[in-house]
Amino acid sequence: MKDWGSVLGIGAGLLVGFLAAETSSAATVAPERLRDLDGRPARIEDHRGSIVVLNFWATWCVPCREEMPLLSDIQDRFGPRGVRVIGLSTDEPGREAAVRRFVRQYNIDFPIWIGGTTEDMERMGVGTALPASAILDRDGRIVFRMLGLLRRDDLETRIEWLLGDRIGPPPADRVDNFPAAHEHPPGETHDAHAEEEDHAHGNVAMEGASLVPS
């Protein structure tokens with residue numbers, strides 16, 4: 001498998017991301033940017049030694065809501081085997097109460113962080129449309145990138161491959177589940193989505209994904 005050489009470290013007040021091995025670029029994010037729901041600094045480096053599923057989402061993202069039961073189930077089933085699911089909210093500053101309501105409504109039992117932005121997503125190589133996820137290995141390297149609504153088989157196959165010490169042919173390192181036709185899902189329109197949340201949150205992509213405000 002191609003080694004992306006991607007490393008994400010959040011510590012000592014810095015988020016250092018190494019993307020593709022060809023560029024080995026590094027970037028930093030202000031230390032106050034990422035927090036857990038108790039206001040503590042959020043650090044991916046604290047989860048080194050675990051396989052991390054880092055999911056970018058927002059309260060106003062309709063497809064993101066569909067993923068939450070799957071992500072909770074993944075945490076319940078694979079947590080004892082060393083997998084950690086983390087949800088990084090891209091809601092705007094000041095919407096912490098909405099994030100907490102969302103967590104209660106969907107009975108989310110994995111860590112939720114706040115403060116994510118478009119720049120963080122691009123640094124991880126997952127674009128700017130929600131939902132999107134990155135899977136990091138035990139050393140903090142980004143091994144898989146999954147764009148669009150997560151599918152159980154896609155996610156479990158990649159987790160099992162990492163848990164199996166990468167034995168056998170690797171799954172594709174990038175999955176794109178956004179509809180190619182760039183059409184709204186049945187019954188959903190831009191206007192309907194916009195009316196659902198009365199605040200500015202960026203544009204809704206034609207494929208039904210939500211664009212994160214920069």
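1. The model is predicted, so local features need pLDDT of at least 70 and side-chain atom pairs count only at pLDDT 80 or more, while totals for chains, interfaces and linings use all residues. Residues are numbered from 1 along each chain as its sequence is written, and side-chain values use heavy atoms, with hydrogens and water left out.

2. The whole structure holds 13 salt bridges (a side-chain nitrogen of Lys or Arg within 4 Å of a carboxyl oxygen of Asp or Glu).

3. Asp137 has two of these partners: Arg141 at 3.2 Å, N to O, and Arg166 at 2.3 Å, N to O. Arg166 lies in the loop between α4 and β10 (174–176) and Asp137 in the loop between β8 (132–136) and β9 (141–147), so this pair ties together parts 29 residues apart in sequence. Helices (H or I, at least four residues) and strands (E, at least two) are DSSP runs, numbered from the N terminus. Asp137 is buried at 5% relative accessibility, whereas Arg141 is partly exposed at 26% and Arg166 partly exposed at 32% (buried is under 20% relative accessible area, exposed over 50%, partly exposed in between; 1.4 Å probe, protein chains only).

4. Arg81 and Glu160 also form a salt bridge, at 3.2 Å, N to O. Arg81 sits in the loop between α1 (62–78) and β5 (83–89) and Glu160 in helix α4 (residues 152–163), 79 residues apart. Arg81 is partly exposed at 43% relative accessibility, and Glu160 is partly exposed at 34%.

5. Asp73, Arg77, Arg152 and Glu156 belong to one network, joined by salt bridges that share partners.
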